[in-house]
Each structure stands twice: as C-alpha cells, then as structure tokens.
Amino acid sequence: KANGRNGSAGPFRGRKRDLLEGGIRVPGLLVWPAKIREGRATSMPCVTSDYLPTVLDAADIPYPDEDRRLDGISLMPLIEGKMEKRGKPIGFLIADRFAVQDDDFKILGTSRGMSQLYQIAADPGENRDLSGDQPDAFATRVSLFRSWLTSVHDSFEGAEYGRESNERMKQAWPRPCERMAR
C-alpha cells in the first residue's frame, strides 16, 4: 500500500486496467551504451506495439510482410534524438471502453458514446474535459478512433492474419465494439 491506499498513480487519475493516464502511463527505460551515450528523457508516448518495428529498424531488417499492417512505429528516430512527436495515434480497447491518444490529445469513451477529450501535455491529470470547448479536435480524435477500430476489426476478422486462430478459439467480435464503430 502506498499512502494508505492500494497503490498510487501519483498525479494521474485512474489505476491499473483504467484507460486514464494512471492506468496506461508506465515509465520505460532503455539501456543501450553503444547507441545512447547520455541519459535523457522524453514525454512522447510509446507502446509495446512499437517494439517490433523498432527492433527491425535497429537491425536493419525490412518488414517481411507489407500486407500485414503494424500498429506501432519504429522508435529509432526517437532513440537517435531525431523525433519529438509520435505522428501516429495509439489505441486502447478494454471491454466496452476505449482511448485513442495522439501527439496532442487523448479521447476516452465507451460503447455508449464518445465522451471526453484531454490535452495530455497541458493536463496530464485529465482534470479538464475539452470535448465541448474544442469540437474540431474532438471530431478529429473520434475519426482517428473509428479508423483504428476498423483496422483492429479487420485484423480480428482475418483480413491480415487469417481466421485460423479465431476459429480455433471460437471468438466473436465483441458487441460493444459494433456500437463504437458507428
């Protein structure tokens, strides 16, 4: 227990299995003396989906199957000090809840609707919902979410990897996701 409670995310709202920053923001550490000589920090969001493209890029290996889209990006430009912004959104989906974060904003919602917009750099504690104040930014993130969800659905249905694992596991696309895509 931290601070007499079950854990603490410090200044961030939420906790594990939450899509608020307290549930998805995790510190990362990279030690690579041959490539990184001095310590440095970044606030650019990264995700485990970035591992494969980064390792391939670091090893100078071309991605072997261009028909299979990758959700992640190579972090080599970040590691080499040539990148400050991600340029590609990160999507999260847990049951009927979702979040999509790009370089500036994060949208949160559920299968019942898109509901909150936060400017993470200015408000990492996600205390001020900007969805009503910035309708264009909100609409852009809704569009990013729908595009991302379509890609996830296509992968789930076998468009990129085939249906073999879904048929073996007897999985169906979750109903809440159907409502979110509309």
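User: Which elements each supply at least two residues of the lining of the largest pocket?
Analyst: Please bear in mind that this is a predicted model. The elements in question are α1 (21-24), α2 (51-58), α3 (76-79) and β1 (90-94), each with at least two residues in that lining.

User: And which of them gives the most to the lining?
Analyst: That is α2, which contributes 4 residues to the lining of the largest pocket.

User: How many residues line the largest pocket, and which lie nearest its centre?
Analyst: The lining consists of 47 residues. Those nearest the centre are Gly28, Thr42, Met44, Pro45 and Cys46.

User: How much space lies in there?
Analyst: The largest pocket holds about 1,600 Å³ of space.

User: How do the residues of its lining divide into nonpolar, polar and charged?
Analyst: There are 26 nonpolar residues, 9 polar ones and 12 charged ones in the lining of the largest pocket.

User: What about the second largest pocket: how much space lies in it?
Analyst: Its space comes to about 270 Å³. The lining of this second largest pocket has 15 residues, and Asp71, Lys88, Pro89, Gly91 and Trp148 are the ones nearest its centre.

User: Which elements give two or more residues to that lining?
Analyst: For the second largest pocket, they are β1 and α4 (135-156). Of the elements, α4 gives the most, with 4 residues.

User: What does this lining have by class?
Analyst: In the second largest pocket, 7 lining residues are nonpolar, 4 are polar and 4 are charged.

User: Changing topic, where does Ser74 lie?
Analyst: Ser74 is found in the loop between α2 and α3.

User: Does it count as buried or exposed, and why?
Analyst: Ser74 counts as buried because its relative accessibility is 18%, and the cut-off for buried is under 20%.

User: What does the side chain of Ser74 make a polar contact with?
Analyst: It makes one with the side chain of Asp57, at 2.6 Å. The Ser74 side chain also reaches the backbone nitrogen of Met76, at 3.2 Å.

User: Which residues is Ser74 in contact with, leaving aside neighbours within four places in sequence?
Analyst: With those neighbours set aside, Ser74 is in contact with Pro53, Thr54, Asp57 and Met83.

User: Is Asp60 buried or exposed?
Analyst: Asp60 is exposed, with 69% relative accessible area.

User: What is the phi of Glu126, and where is its place?
Analyst: Glu126 also has a positive phi, near 50°. Its place is in the loop between β4 and α4. With a relative accessibility of 0%, Glu126 counts as buried, whereas Asp60 is exposed.

User: You mentioned β4. In what sense do β3 and β4 pair?
Analyst: Strand β3 (residues 105-110) and strand β4 (residues 113-119) pair in the antiparallel sense, over 6 bridges.

User: How many residues lie between them in the hairpin?
Analyst: The hairpin formed by β3 and β4 has 2 residues between the strands.

User: Lastly, which residue in β4 does Gly109 stand opposite?
Analyst: Gly109 stands opposite Met114.

Note on methods. Residues are numbered from 1 along each chain as its sequence is written. This is a predicted model: local features need pLDDT of at least 70, side-chain atom pairs count only at pLDDT 80 or more; totals for chains, interfaces and linings use all residues. Side-chain values use heavy atoms; hydrogens and water are left out. Two strands pair if DSSP finds at least two bridges between them. On a 1 Å grid over the protein atoms alone, a cavity is a set of points where a 1.4 Å probe fits but cannot get out, and a pocket is an open set with protein on both sides within 12 Å along at least five of seven lines; lining residues have an atom within 4 Å of a point. Grid points are joined across faces, edges and corners, and a volume is the space filled by probe spheres set on the points. Ala, Val, Leu, Ile, Met, Phe, Trp, Tyr, Cys and Pro count as nonpolar, Asp, Glu, Lys and Arg as charged, and the others, Gly among them, as polar. Buried means under 20% relative accessible area, exposed over 50%, partly exposed in between (1.4 Å probe, protein chains only). A polar contact is a pair of N or O atoms within 3.5 Å; within protein, one must be able to donate a hydrogen and the other to accept it, and residues adjacent in sequence count only if both atoms are side-chain atoms. Contact means heavy atoms within 4.5 Å.
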